[in-house]
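Hi there,

Here is the structure I promised to pass on. Have a look at it first, and my notes follow below.

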Amino acid sequence: MTVQAQILDLISTLQGEFGTTVILITHDLGIVADVADQVAVMYGGRIVEQAPTGVLYDLPEMPYTLGLLSSVPRMDRELLERMQPIRGNPPSPINLPKGCVFQPRCNYWERVPNGACLDVRPELLESDPEHLVRCHLTVEERQQISRDVKQVLAGAPQ
Ligand code: SF4
């Protein structure tokens with residue numbers, strides 16, 4: 001952790017010195033929250049959601065991002081409630097599903113009409129001008145799901 005903090009400090013110093021953009025590739029959501037201005041979440045080799053960091057952490061819309069943020073261990077919970085893992089495994093890059101790459105692990109694909117998640121690869125589209133999402137659900141559906149999950153994780157009554 002100490003070395004990690006030193007390296008992040010060094011990157012920040014160099015960024016200030018050279019006035020450059022830094023692209024940081026990491027699985028550590030804590031680091032992302034601390035240092036990034038913009039976040040691009042990738043799944044199956046593609047960007048599935050992109051937004052300013054505050055927006056993405058406050059109201060993630062793509063079910064994979066929602067799953068990632070929900071699976072951060074919570075030390076204020078009982079042992080069996082500390083993590084809400086994403087079921088299943090990532091797809092093989094040489095055998096990606098035909099439709100949405102996240103479909104086999106998604107809890108919401110049956111809400112999309114006509115089985116589109118099984119057959120049609122979603123495009124990365126604007127949810128608002130700063131927020132891009134790759135998902136067939138409507139913006140309203142995604143935001144409602146995100147609020148519902150947040151409420152459950154906060155332990156509030158449903
Ligand atoms: S497109 Fe369908 S399967 Fe993919 S994340 Fe959205 S709801 Fe889930």
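Of the 158 residues in the protein chain, 20% count as buried, meaning that 20 or more other C-beta atoms, placed from the backbone, lie within 10 Å of a residue's own. Please keep in mind that this is a predicted model: local features need pLDDT of at least 70, side-chain atom pairs count only at pLDDT 80 or more, and totals for chains, interfaces and linings use all residues. Residues are numbered from 1 along each chain as its sequence is written.

The protein chain holds six helices and four strands, taken as DSSP runs (helices H or I, at least four residues; strands E, at least two) and numbered from the N terminus. In helix α4 (residues 63-70), the buried residues are Pro 63, Tyr 64, Thr 65, Leu 66 and Gly 67. They pack against β1 (38-43), β2 (46-52), α3 (53-58) and α6 (139-153), with contact taken as C-beta atoms within 7 Å.

Further along, β3 (residues 125-128) and β4 (residues 131-133) pair in the antiparallel sense over three bridges; pairing needs at least two bridges found by DSSP. These strands form a hairpin with two residues between them, and Asp 128 stands opposite His 131 in β4.

The ligand is surrounded by 14 residues, the closest being Cys 100, Cys 106, Trp 109, Cys 117 and Cys 135; a residue is counted if its C-beta atom, placed from the backbone, lies within 6 Å.

Best wishes

How values were computed: A residue is buried if 20 or more other C-beta atoms lie within 10 Å of its own, exposed if 12 or fewer, and partly exposed in between; C-beta atoms are placed from the backbone. Two residues are in contact if their C-beta atoms, placed from the backbone, lie within 7 Å.
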